[in-house]
Amino acid sequence: MCGIVGYVGSRPALNIVIDGLRRLEYRGYDSAGVAIIDSGVIQTEKKAGKLANLEKALAERAADGIGTGTTGIGHTRWATHGGPTDRNAHPHLSADGRIAVIHNGIIENFARLRAELEAAGIEFQSDTDTECAAHLIAAEMRALRESGAQDGPALLAEGMRRVANRLEGAFTLLATDVNVPNAVVAARRNSPLVVGRGNGENFLASDVSAFIEHTREAVELGQDQIVLITPEGIEITGFDGSPAVGKEYHVDWDMSAAEKGGYDWFMLKEIAEQPQAIADTLLGRLSERGEIILDEVRLTDQDLRDVDKVFIVACGTAYHAGMVAKYAIEHWVRIPCEVELASEFRYRDPILDRSTLVIAISQSGETMDTLMALRHAKEQKARVLAICNTNGSTIPRESDAVLYTHGGPEIAVASTKAFLTQLVACYLIGLHLAQVRGVMYSDEVAAVVEKLQATPDSLRTLLSRMDDVRALGRDLRTASTVLFIGRHVGFPVALEGALKLKELAYMHAEGFAAGELKHGSISLIDDGTPVVCVVPSPAGRGVMRDKVVSNIQEVRARGARTIVIAEEGDEDVRQFADHLIQVPHTPTLLAPLMTTVPLQILACEIAAARGNDVDQPRNLAKSVTVE
Ligand code: M6R
């Protein structure tokens, strides 16, 4: 939630900051704003709504401009405290106009701090929690100056450090001082922040996409750290003032991965990238001895042999990936596997100990609900294994082991390639556990991996014949409700199809376990209600497939318009389908890698036909860093 950019160097900061915000807009688009230090003045501009509104406002003031200053910060907001108005847009200034602050997260003790500041005579200009930080930094710096400290980057960093220690909650704060033109300081607690190391210039951002055009050298920060960037260097300290060292890394993707590449929407580009994303996630995972290779493992094979129960924690689409994983893990590993919504996990007081393996799935690696579930698991001594798409993010860093999905940047708010690559990672982990624990032989593991390796080609074929699905999407744009049904791994696929439609098309959609419909929800079906039915392969799980076909007949008998997703060769199902979408054969457990894809395209097409912004649906943000 909220995208943050900071720049210091020798080039005009404004364009660099705006370009960075454009690539971070997926994190929130309720408002946007910039502050540039130019000739001893902080120039700010901020506007409610998308970045385009800010750009328009900047263009309108072209006569005097916002200056050519080479130090700047910028923010794109997902509102928490205070509505999405111009007034609440970041940056926020201190009362003396010296300090500009932007913020991602929530300052939980802001009411107390605000009361204290108001009692001291400060008049607030916004309803945000962020504004407190601006006033507090100014006050701390003033106090330091009064006791003899000199203005300069070190004073700005010390002011920020003192304030960070007073704040409760989760935050990334960036601040600039009008009298310290070549410095931006940041504080980080439980909220994303990465440093870009340039040549005579340095960057701060919520993620690397904001500065990838300028540098691919990044520095990962730890929790509770302050970082000061100047054109000459990067200085990291802890909240206690002790020096710290960040982890340097090279970003292995470039700008083109963060651009639309000719597609109307990032979502369409990311759907098209799925075959490659799967192939990349599988690449190099099988050792010469036929074992699955994880990325960072701080667990021994004995630890994995000791596991007697698996919990998967995740949110939204990642939770649906976890639901699929449960079927695979229980089938292959033969140990109990529970899937939990991360936001509910710790409140339920789950029974965890050293022999519990908690798998945390997160594309961004920053989802606060998942992070809190992970921390709860660690407090209870469980081992945590992360599946993540974002190098250097918090969730993998705090886990005992990590399997990265090599999906590349996912910009569209709706998860597509993240989902499929999370599935692949879950399959790999299931196979790894089964192998380490001696439940599967390496040739059996290799046989499944071989099937997985065939999926990119099958998916390419599937993607090449989606015209009918697009036409169907346009046709369904006026439907008032769409239901989705599936069994076994088809059930999470149904949930995922419904989630995509809700979030993109703003339509009522619900996913059901196919057998559950008759226990109440079937009464939703009226003449012409579209029902998307995910049919299992007749090969291997014939009984299950036949049960779903019965469920299709039940809804059809009540007037439903059936949209059936079935395997090629299952001709028998045609008679029950008003629309048939055929997908290539895959083994049952791997089928979601195929059956989900038409549902992504359907949702995208319906949303576009309804005139919605597919990449940035209303009320949402890509990375949900609040609980
Ligand atoms: O970054 P994460 O995978 O932790 O995000 C979890 C959910 O917020 C996310 O999957 C969300 O449901 C999707 N963007 C929906 O398409």
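Between domain 1 and domain 2 of the predicted model, 2 salt bridges are counted, a salt bridge being a side-chain nitrogen of Lys or Arg within 4 Å of a carboxyl oxygen of Asp or Glu. A salt bridge joins the side chains of R397 and E220, with an N to O distance of 3.2 Å. Polar contacts between domain 1 and domain 2 amount to 4 residue pairs, both residues at pLDDT 80 or more; a polar contact is a pair of N or O atoms within 3.5 Å, where within protein one must be able to donate a hydrogen and the other to accept it, and residues adjacent in sequence count only if both atoms are side-chain atoms. On the side of domain 1 that touches domain 2, the residues comprise 9 nonpolar, 4 polar and 3 charged (Ala, Val, Leu, Ile, Met, Phe, Trp, Tyr, Cys and Pro count as nonpolar, Asp, Glu, Lys and Arg as charged, and the others, Gly among them, as polar).

The protein chain is assigned domain 1 (3-259), domain 2 (270-462) and domain 3 (465-609), with bounds from an automatic or database domain assignment. To the contact, domain 1 contributes 16 residues and domain 2 contributes 14 residues, contact meaning heavy atoms within 4.5 Å. About 1,200 Å² is buried between domain 1 and domain 2, with 55% of it on carbon and sulfur atoms; buried area is the accessible area (1.4 Å probe) that two parts lose on being put together, summed over both. Within domain 1, the residues losing the most area to domain 2 are Y26, N190 and E220, which together account for 38% of what that side buries.

Across the whole structure, 0 disulfides are found, the criterion being a pair of cysteine sulfur atoms within 2.5 Å. For C388, the nearest cysteine sulfur is that of C426, 13 Å away. C388 counts as buried at 0% relative accessibility (buried means under 20% relative accessible area, exposed over 50%, partly exposed in between; 1.4 Å probe, protein chains only).

Residues are numbered from 1 along each chain as its sequence is written, and side-chain values use heavy atoms, without hydrogens and water. In this predicted model, local features need pLDDT of at least 70 and side-chain atom pairs count only at pLDDT 80 or more, whereas totals for chains, interfaces and linings use all residues.
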